Amino acid sequence: MGTPDTNRIDREIRTTKLKLEAAAKREMWALNGRERRALVSAMASGTKAVVRHKSTTRAEEKGAATWESAAIRLQAEINALQVERDEAVKRAAADKAAKKAAKSSGWW
């Protein structure tokens with residue numbers, strides 16, 4: 001085995017980093033479905049509170065917590081993908097070393 005095929009993992013890492021940057025800018029496309037529903041729910045409850053002339057603190061905190069949890073989730077995904085990439089590189093190096101050791105088993 002030659003160089004490890006890490007193109008798929010590298011592409012996923014790049015995509016996840018873009019999503020992390022988008023989450024920092026508060027762009028909705030970076031969120032998964034559960035996070036989108038939580039954010040829309042927070043916005044709806046905030047709107048309801050405004051109409052009733054109540055405080056929107058709870059809704060704002062829920063929205064901020066949703067964005068923070070999305071950033072944490074995306075960072076964890078990046079870390080997991082980097083670990084997976086490192087393992088693929090180590091596995092390829094071990095396979096290459098084993099192949100080389102098997103090929104040159106003697107001096108003749």
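User: Let's start with A65: what does it count as, by relative accessibility?
Analyst: A65 counts as partly exposed, because its relative accessibility is 43%, and the class runs between buried, under 20% relative accessible area, and exposed, over 50% (1.4 Å probe, protein chains only). Please keep in mind that this is a predicted model, in which local features need pLDDT of at least 70 and side-chain atom pairs count only at pLDDT 80 or more, while totals for chains, interfaces and linings use all residues. Residues are numbered from 1 along each chain as its sequence is written, and side-chain values use heavy atoms, with hydrogens and water left out.

User: And which helix is A65 in?
Analyst: A65 lies in helix α3, where a helix is a DSSP run of H or I with at least four residues, numbered from the N terminus.

User: New topic: how many salt bridges does a search of the whole structure find?
Analyst: The search finds six salt bridges, each being a side-chain nitrogen of Lys or Arg within 4 Å of a carboxyl oxygen of Asp or Glu. One of them pairs the side chains of E35 and R34 at 4.0 Å, N to O.

User: Are those two buried or exposed?
Analyst: E35 counts as buried because its relative accessibility is 1%, whereas R34 is exposed, with a relative accessible area of 52%.

User: What does R73 meet in a salt bridge?
Analyst: The side chain of R73 meets that of E35 in a salt bridge of 2.9 Å, N to O. That pair links distant parts of the chain, since R73 is in helix α3 and E35 is in helix α2 (residues 33–51), 38 residues apart. R73 also meets E77 at 2.8 Å, N to O, and these two both lie in helix α3, four residues apart, which is about one turn of the helix.

User: Which residues do the shared partners join?
Analyst: Salt bridges with shared partners join R34, E35, R73 and E77 into one network.
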